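This briefing goes through selected local features of one protein model. Please keep the sequence and the coordinates open while reading.

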Amino acid sequence: MIENTSLNPVSMKWDYELASAFHVFNQYTQRLEESYNQLQNRVKEIDKEMALANARLKEKVQELDSLTKYLNNLLSSIHSGVIAVNLQGEISTLNKAAVAILKLTLSDLMGKKVEEIFKNSDGTISLLLLALKKKKDYIDVERKIVTNQGVEKWIESSASLIKDANENTIGAVEVFRDLSEIRELEKRLRSADKLATIGAMAASIAHEIRNPLNGIEGFSALLLRDFDDLDPRKKLVNNIIHGAKNLNKTITELLVFARPLRMNLKKSRISEILDKTLFFVTEDIKQKGVQNVNIRKEYGCGMDGLTCDPDRLQQAFLNLCLNAIQAMPSGGDLIVSARSCMGKGFEGIQVGIRDTGIGIKKEDIHKIFDPFFTTKQEGTGLGLAMVNKIVDAHRGKISVESQENKGTVFYVHLPIHGHYEIDTFSSTWKNSEYLISQYL
Ligand SMILES: Nc1ncnc2c1ncn2[C@@H]1O[C@H](COP(=O)(O)OP(=O)(O)O)[C@@H](O)[C@H]1O
Ligand SMILES: [Mg+2]
């Protein structure tokens, strides 16, 4: 017997439901597949967009990087100092020139308060902080500052506020330049003019004084012959003669100083010039009965080819040595040294004259080269002025270091191939370039 299952209504319903379930399943699968494909496409698109955005970002970063480098290069290649601070007055930018002008050491300057780095020497508020406080810019303000290392400088600055894109102040920047050298030169020029006038006047007055002074000295000497040795008036007349001699010495020095320097140039050996000088120094010591002065020579080698006026240099070294001896009334060491030295574009000789004497007071050290400055009872104050004039005529430089009660050293730097000047009084002072080194 054959059983016709297909015609069984239960079975038919089952088949139909299964088929529609498959159909629905297929539909969902298809839709899922479509969505999956769409998603995949979207992901690809997003990937592309992201790669593009990344490339653009990279470009921007590179642009920003080269802009920063460019600005940094710009900052470090300008000769003016640049310092920027935030609203708290803390340093956020500082260029190479600022570090050099303020003689700072670079370590840990970022984030430091500006007033820890340098202050106005008169104690007023720093220009950057003033700009922040008053919310305004300042242009070409000149003032004296003192750095945290104790260095004093004349600077000229402009300070401006730094704003963000919304015009909010976020800090201030100061651009400044060092005026110290210019101010120093101006000061020297003023004093050079003054000195030239005083010198010329003094020289003409000296001529007027000399004749009567010689008369006083001569007649006093005649008068002296009229008194016998026990006469108390003899001492008084001797005082007159001593005074007249001293005055004559001052006048002679003044005239020599005021006279134009005639240079007689020769190829010379510095050791010979110094030896001759020391011969006169030894004679002076013997004559004055100075005790306990040890003279030491420290000559290096290779210093033969100096073109100079040996007599003038000898005169300069003698003045320096005599000052050294006078600074050691109870004895000490006089050390005369010479060595060749090479610097940036400088080939020359450095002569040192060192003593272990009383030293120079801190407040006097800037005046010692001024004509007529003396701390000695019978000093003329023209010795160092003359030394300066001679060194200057050789296009040299003189510097001094001193410590009270320890001693003093003068260094004379002479270029081997200097340019020389058959000069006049005033040009000497205008060109003079002595340098007072930091107090020891
Ligand atoms: N070696 C030294 N030690 C101490 N003081 C010095 C020395 N050399 C120079 N001075 C100071 O410089 C001043 C000026 O020196 P100078 O021009 O030679 O004049 P003078 O010797 O006539 O006083 C001296 O009076 C002295 O105070
Ligand atoms: Mg002297």
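The model is predicted, and local features are given where pLDDT is at least 70. The second largest pocket holds about 1300 Å³ of space. Its lining counts 41 residues, and those closest to its centre are L322, N323, Q326, K376 and G379.

**Second largest pocket**

- Helices α6, α7 (270-288), α8 (310-326) and α9 (383-393), together with strands β11 (346-355) and β13 (407-415), each supply at least two residues of the lining.
- The most comes from α8, which gives eight residues to the lining of this pocket.
- Sorted by class, the lining has 19 nonpolar, 13 polar and nine charged residues.

**Helix α6**

- Helix α6 covers residues 232-258; at 1.5 Å a residue its 27 residues should span 39 Å, and the end C-alpha atoms are 40 Å apart, which agrees.
- D231 caps the N-terminal end of α6, with a side-chain oxygen 2.9 Å from the backbone nitrogen of R233.
- The buried residues of α6 are K234, V237, I241, A244, N248, I251, L254, L255, F257 and A258.
- T252 also lies in α6, but T252 counts as partly exposed because its relative accessibility is 33%, between the limits of 20% for buried and 50% for exposed.
- The C-alpha atoms of T252 and A206 are 8.5 Å apart, while the two residues are separated by 46 residues along the chain.

**Helix α7**

- The 19 residues of α7 should span 27 Å at 1.5 Å a residue, and the end C-alpha atoms of α7 are 27 Å apart, in agreement.
- Buried in α7 are I270, I273, L274, T277, L278, V281, D284 and I285.
- These residues cover an arc of only 130° around the axis, so they sit on the same side of α7.
- An α-helix has 3.6 residues a turn, so residues three or four places apart point the same way.
- K276, K286 and Q287 are exposed on the other side of α7.
- Just after α7, G289 has a positive phi of about 65°.

- S402 is part of strand β12, residues 397-403.
- S402 counts as buried because its relative accessibility is 0%, and the cut-off for buried is under 20%.
- The S402 side chain reaches two backbone atoms: the nitrogen of I360 at 2.8 Å and the oxygen of G407 at 3.3 Å.

- Most residues other than glycine have a negative phi.
- K103 has a positive phi, near 50°, and is not a glycine.
- K103 is placed in the loop between α2 (96-101) and α3 (114-117), and K103 is partly exposed, with a relative accessible area of 48%.
- E167, also not a glycine, has a positive phi of about 70°.
- The loop that holds E167 runs between β5 (152-163) and β6 (169-178), and E167 counts as exposed at 57% relative accessibility.

**R42 and Y411**

- R42 lies in helix α1, residues 9-77, and is partly exposed with a relative accessible area of 40%.
- From C-alpha to C-alpha, R42 and Y411 are 83 Å apart in space, and 369 residues apart in sequence.

Conventions. Residues numbered from 1 in each chain as written. Chains lettered and ligands numbered in written order. Predicted model: local features only at pLDDT ≥ 70, side-chain atom pairs only at ≥ 80, totals over all residues. Heavy atoms only, no water. Helix = DSSP H or I, 4+ residues; strand = E, 2+ residues; numbered from the N terminus. Buried < 20%, exposed > 50% of the residue type's maximum accessible area, 1.4 Å probe, protein only. Polar contact = N/O pair within 3.5 Å; in protein donor to acceptor, adjacent residues only side chain to side chain. Expected span 1.5 Å × (residues − 1). 1 Å grid on protein atoms, 1.4 Å probe; cavity = no way out; pocket = protein on both sides within 12 Å on 5 of 7 lines; lining within 4 Å. Points joined across faces, edges and corners; volume = space filled by probe spheres on them. Nonpolar A, V, L, I, M, F, W, Y, C, P; charged D, E, K, R; others polar. Arc of directions from axis to C-beta.
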